[in-house]
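This report is written for a reader who is meeting the structure for the first time. Please keep the sequence and the model in view while reading.

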Amino acid sequence: PSPLGPTPKLVIDLERLAALPKEKAGALARYAATIQSQRGDYNGKVLSIRQEDLRSLAVIYDKSPSELTEELISWGVLDAEARRAVETF
Ligand code: C2E
Ligand code: C2E
Ligand code: C2E
C-alpha cells in the first residue's frame, strides 16, 4: 500500500463547476448532471466520479487524463489530491 494512504477519490466541486463559463466547463457540467440523474443524487455540493469517467472526459476535452486533471485543479473543480488518483492510470 502507498505510504500516503489509499488512492484518493475524484471529487467534483459542483458549486465551483456551476460558476464557470459554459465555454470551458459546459461538457463537464453536462457529464456531471447525467451522473447525478443516473444516481438520483441531486443534493450534494460535491460528486464523486469514477476514474473511468475521467478517462472519457479526457477524450471529450482532447487532452491526456493528467492534463485534464491539471486544468480542473486550476479551475478549482478538483482538489490537488486528485493528482494521485490519476497517477494510478
Ligand atoms: P451500474 O454501473 O450497473 O451500477 C449499479 C449500482 O452499483 C449503482 O447504482 C451503485 O449502487 C453500485 N455501484 C456500481 N459501481 C460503483 C462504484 O464504483 N461505487 C459505488 N459506490 N457504487 C457503485 P446507482 O448509483 O443507482 O447507479 C445506477 C446506474 O447509473 C449505474 O449502473 C450506472 O449505469 C450509472 N452511473 C451512476 N453513477 C455513475 C458514474 O459515476 N459513472 C458512470 N459511468 N455511470 C454511472
Ligand atoms: P467520502 O466518500 O469521503 O465522502 C465524504 C462526504 O462527501 C460525504 O459524506 C458526502 O457529504 C460528500 N460526498 C462525496 N461524494 C459525494 C457524492 O457523489 N454525492 C453526494 N451527494 N455527496 C458526496 P457522507 O454522505 O456522510 O458519507 C460519509 C462516508 O460514508 C463517505 O466518505 C463514504 O466513505 C461513505 N459513503 C456514503 N455513501 C456511500 C455510498 O453510496 N457508497 C459508498 N461506497 N460509500 C458511501
Ligand atoms: P467508492 O464507492 O469508495 O469505490 C471505490 C472504488 O471501488 C471504485 O472506484 C471502484 O473501482 C470500486 N468499486 C466500488 N463499488 C463497485 C461496484 O459496485 N462495482 C465495481 N465494478 N467496482 C466498484 P471508481 O470506479 O473510480 O469510483 C470512485 C467513486 O465514485 C466511488 O467510490 C463512488 O463514490 C463514486 N461512484 C462511482 N460509481 C458510482 C455509482 O454507480 N453510483 C454511486 N452512487 N457512486 C459511484
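Predicted model: local features only at pLDDT ≥ 70, side-chain atom pairs only at ≥ 80, totals over all residues.

Leaving aside its neighbours within four places in sequence, which residues is Leu78 in contact with?

## Leu78 and its contacts

Leu78 is found in the loop that lies between helix 4 (65–75) and helix 5 (82–87). Once neighbours within four places in sequence are set aside, Leu78 is in contact with Leu10, Ile12, Thr69, Leu72 and Ile73. Leu10 is 68 residues away from Leu78 along the chain, yet the C-alpha atoms of the two are separated by 7.1 Å. Leu78 counts as buried because it has 26 C-beta neighbours inside 10 Å, where 20 or more are required.

## The paired strands

Strand 1 runs antiparallel to strand 2 (residues 46–49), and four bridges join them; Val11 stands opposite Ser48 of strand 2.

## Surroundings of two ligands

Around ligand 1 are Ile35, Gln38, Arg39, Ile49, Arg50 and Asp53, a shell made up of two nonpolar, one polar and three charged residues. Helix 2 (residues 22–39) gives the most to this shell, with three residues.

Around ligand 3 are Lys9, Arg39, Ser48, Ile49, Arg50 and Gln51, and these divide into one nonpolar, two polar and three charged residues. Arg39, Ile49 and Arg50 are found around ligand 1 as well as around ligand 3.

Key: Residues numbered from 1 in each chain as written. Chains lettered and ligands numbered in written order. Near = placed C-beta within 6 Å. Helix = DSSP H or I, 4+ residues; strand = E, 2+ residues; numbered from the N terminus. Nonpolar A, V, L, I, M, F, W, Y, C, P; charged D, E, K, R; others polar. Buried ≥ 20, exposed ≤ 12 C-beta atoms within 10 Å, placed from the backbone. Contact = placed C-beta atoms within 7 Å. Pairing = 2+ DSSP bridges.
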